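Here are my notes on this structure, as numbered points. Please read them with the model open.

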Amino acid sequence: INKMSNGPMHVPPFLGSSYEFKGNLGQGAFGEVKTATHTRTGNEVAIKIMPKTHASSSPSKKYVEEEKQLLRSLSNDNVVKFLEIREDEFNNYLVMEKLDGGSLG
């Protein structure tokens, strides 16, 4: 995976060594969601990639920070399990369990 719909996507080595990207799950206002496999465990995950250019405006930046905080605080069997947050100079990467069953849209 080396492109987003609206330009190049930078996949940092720290993600490329941990996850094998498989394909697209969806796209929203703040980025894309990719499906990947954790290389050590073989578990399938969803990685929400949110370009920091989308988070440069004050409302968008606030939304991204709130989502990161919310994911860190949630622990419930009825909510997708958050695994980790990583970031680099280009993107925020929200890694969560991949659930099957269809679209929420």
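**Notes on the fold, the sheet and the charged pairs**

1. **A strand pair to start from.** Phe-82 stands opposite Met-96 in β7. In that strand, Leu-94 is the bridge partner of Ile-85. Strands β6 and β7 (residues 91-97) are antiparallel and pair over 5 bridges. The two make a hairpin, with 3 residues between them. Two strands are taken to pair if DSSP finds at least two bridges between them.

2. **Basis of the model.** This is a predicted model: local features need pLDDT of at least 70, side-chain atom pairs count only at pLDDT 80 or more, and totals for chains, interfaces and linings use all residues. Residues are numbered from 1 along each chain as its sequence is written, and side-chain values use heavy atoms, with hydrogens and water left out.

3. **Overall make-up.** The protein chain has 2 helices and 7 strands. Along the sequence the pattern reads β-β-α-β-β-β-α-β-β. These elements are DSSP runs numbered from the N terminus: helices are H or I with at least four residues, strands are E with at least two. The chain has 105 residues, of which 35% count as buried. Buried means under 20% relative accessible area, exposed means over 50%, and partly exposed lies in between (1.4 Å probe, protein chains only).

4. **β5 and β7.** Strand β5 (residues 44-51) and β7 run antiparallel and are joined by 7 bridges. Pro-51 stands opposite Asn-91 in β7. Val-45 has Glu-97 of β7 as its bridge partner. Why call β5 largely enclosed by the rest of the structure? Because 7 of its 8 residues are buried. β7 is mostly covered too, with 6 of its 7 residues buried.

5. **β4 and β5.** These strands run antiparallel, with 6 bridges joining them. Val-33 stands opposite Lys-48 in β5. The hairpin of β4 and β5 has 5 residues between the strands, and Gly-42 there takes a positive phi near 80°. As a general point, side chains in a regular strand alternate between the two faces of the sheet.

6. Glu-32 belongs to strand β4 (residues 31-38). Is Glu-32 buried or exposed? Glu-32 counts as buried because its relative accessible area is 4%. Lys-34 is buried as well. Lys-34 and Glu-32 form a salt bridge, with the closest N and O atoms 3.2 Å apart. A salt bridge is a side-chain nitrogen of Lys or Arg within 4 Å of a carboxyl oxygen of Asp or Glu. The side chains of Glu-32 and Lys-34 are also listed as a polar contact (3.2 Å). That term covers a pair of N or O atoms within 3.5 Å; within protein, one must be able to donate a hydrogen and the other to accept it, and residues adjacent in sequence count only if both atoms are side-chain atoms.

7. **Other salt bridges.** The count by this rule is 5 salt bridges. One of them links the side chains of Arg-86 and Glu-84 (2.6 Å, N to O). Arg-86 is partly exposed, at 22% relative accessibility. Asp-100 forms a salt bridge with Lys-98, the closest N and O atoms being 2.7 Å apart. Asp-100 counts as exposed, at 69% relative accessibility. Lys-98 is partly exposed, with a relative accessible area of 22%.

8. **A nonpolar surface patch.** Which residues form the nonpolar patch on the surface? They are Leu-70, Leu-74 and Val-79, with about 230 Å² of accessible area together. Leu-70 lies in helix α2 (residues 58-73). At 48% relative accessibility, Leu-70 is partly exposed. Patches take residues with over 30% relative accessible area and no salt bridge; like charges are joined within 9 Å, nonpolar side chains (Val, Leu, Ile, Met, Phe, Trp, Tyr) within 5 Å. Accessible areas come from the Shrake-Rupley method with a 1.4 Å probe, and for residues only the protein chains shown count as cover.
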